[in-house]
Amino acid sequence: MMHDNGGPLLSIRALRTTLATEGGRVTVVDGVDLDVQPGEILGLVGESGSGKSMTLRSILRLIRPPGQVTGQVLWRGRDLVPLREAEMRAIRGREIGMIFQEPMTALNPVLSVGAQILENLAAHTDLGRAARRARAVELLNLVGIPAPAQRVHDFPHQFSGGMRQRAMIAIALASNPTLLLADEPTTALDVTIQDQILKLLQHLRETLGMAVILVTHDLGVVAQSCDRVAVLYAGRVAEYGAVGPVFATPRHAYTLGLLRSVPDARHARQPLRPIAGAPPPPDTVGATCAFMPRCGFATAACAAGRPPLVPAAEGRLSACIHGDRLEATEWAA
Ligand SMILES: Nc1ncnc2c1ncn2[C@@H]1O[C@H](COP(=O)(O)OP(=O)(O)OP(=O)(O)O)[C@@H](O)[C@H]1O
Ligand SMILES: [Mg+2]
């Protein structure tokens, strides 16, 4: 069962996801490459619509036909993409847990929160009946639900938004997953609870070796809790590497843009400069760099083709041909 070949836990290559819409087929994940090491917390950031949720859903093959996933998702060396649904079910929720972005739609409204945890414990652990009940209360306590022995009987609608989000985390953790896919798990939570959840994820990483892909809009959360970060733009990885160097000296103009659009504790008086314009809708990117129309560093060379993700400074990968100019040049207003 245990991963022991020393390679990445998860290795995603050329992941491509298309959905059928009324207007035709659209590409929402457009060639994502990512690795997750055992016990690593990988941050996944990018503006709304960049493909973060679709990437997570594609890993677990939670894309309903006629939606289609192609490429490779190597889980402990085994490709999940061609697996039959029955084989996938043995991995989904058990080896790879998921916390969905919208807790109300992911929770079952007619089952108590406790019953939903018990369901997962029964499906994915060897615990007996009494032990499962005790564990369900323990899991609610772990995610900071007050009076868990009573609240375990509540239904999702009796929980606040933040409590539902924490209940989702408790359900996902019930199976002791080796990898947790967490889609905005702390977004509706106040700072204290957010901090508590992030510390919990770090604790589970340290004690159980659980790896996490953490989707968030909050670059501060990434700085605080992630080892590496992948910046997604228009369904592709723009920059990918250790959090320290990527945030200190970004090598993709989009990463720099994101960093400049949020308050920076070190430069409190610096004005915020949101990136002008909006990300392109799926399948509207031509043969240029997808960020080119919004980029202050763009030159004619950026129109030559979508730049590949290649090694850049300090072990990171970047898909920007102007990566080396970013440090020296002022962002064009
Ligand atoms: N059911 C759907 N049908 C058609 N297009 C969709 C569907 N769901 C998502 N998309 C499109 O897929 C792209 C990626 O969406 P995704 O939900 O992965 O973005 P995201 O990065 O998670 O954004 P957010 O930060 O808002 O959660 C977007 O352009 C979105 O409009
Ligand atoms: Mg999303």
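1. Two strands pair if DSSP finds at least two bridges between them. Helices (H or I, at least four residues) and strands (E, at least two) are DSSP runs, numbered from the N terminus. In these terms, β1 and strand β4 (residues 68–75) run antiparallel and are joined by 7 bridges. The bridge partner of S11 in β4 is L74.

2. The model is predicted: local features need pLDDT of at least 70 and side-chain atom pairs count only at pLDDT 80 or more, while totals for chains, interfaces and linings use all residues. Residues are numbered from 1 along each chain as its sequence is written, and chains are lettered from A and ligands numbered from 1 in the order in which they are written.

3. The sheet that holds β1 and β4 is open and has 4 strands, in the order β2-β1-β4-β5, with antiparallel pairing. Its edges are β2 and β5 (78–79); each has a single partner strand, so one side of each is left without a neighbour in the sheet.

4. A second open sheet has 8 strands and mixed pairing, in the order β6-β7-β8-β3-β9-β10-β12-β11. Its edge strands, β6 (96–99) and β11 (310–311), each pair on one side only. Within this sheet, strand β9 (residues 228–233) and strand β10 (residues 236–242) are antiparallel and share 6 bridges. Opposite V229 stands G241 in β10.

5. Helix α11 (residues 253–260) lies across β3 (41–45), β9 and β10, and runs at about 100° to β9. Axes are lines fitted to C-alpha atoms, for helices over the stretch in contact, and angles run from 0 to 180 degrees between N-to-C directions. Two residues are in contact if their C-beta atoms, placed from the backbone, lie within 7 Å.

6. Helix α4 (residues 113–124) packs against helix α5 (residues 129–142) at an angle of about 120°, with the axes 9 Å apart. That makes α4 oblique to α5; angles under 35 degrees count as roughly parallel, over 145 as roughly antiparallel, 65 to 115 as roughly perpendicular and the rest as oblique. The crossing of α4 and α5 is right-handed (a crossing is left-handed if the near helix is turned anticlockwise from the far one by less than a right angle, and right-handed if clockwise). On the α4 side the contact is made by G114, I117, L118, L121 and A122, and on the α5 side by R132, R135, A136 and L139. These residues are 6 nonpolar, 1 polar and 2 charged.

7. α4 also packs with helix α7 (residues 161–173): the axes come within 8 Å and cross at roughly 20°. The two helices, α4 and α7, are therefore roughly parallel to each other, and their crossing is right-handed. V113, Q116, I117 and N120 of α4 meet A167, A170 and I171 of α7. This contact has 5 nonpolar and 2 polar residues, and no charged ones.

8. Two backbone details remain. Most residues other than glycine have a negative phi, and most peptide bonds are trans. The peptide bond from P65 to P66 is cis, with omega near 10°; P66 is in the loop between α1 and β4. A234, in the loop between β9 and β10, has a positive phi, near 50°.

Methods
Ala, Val, Leu, Ile, Met, Phe, Trp, Tyr, Cys and Pro count as nonpolar, Asp, Glu, Lys and Arg as charged, and the others, Gly among them, as polar.
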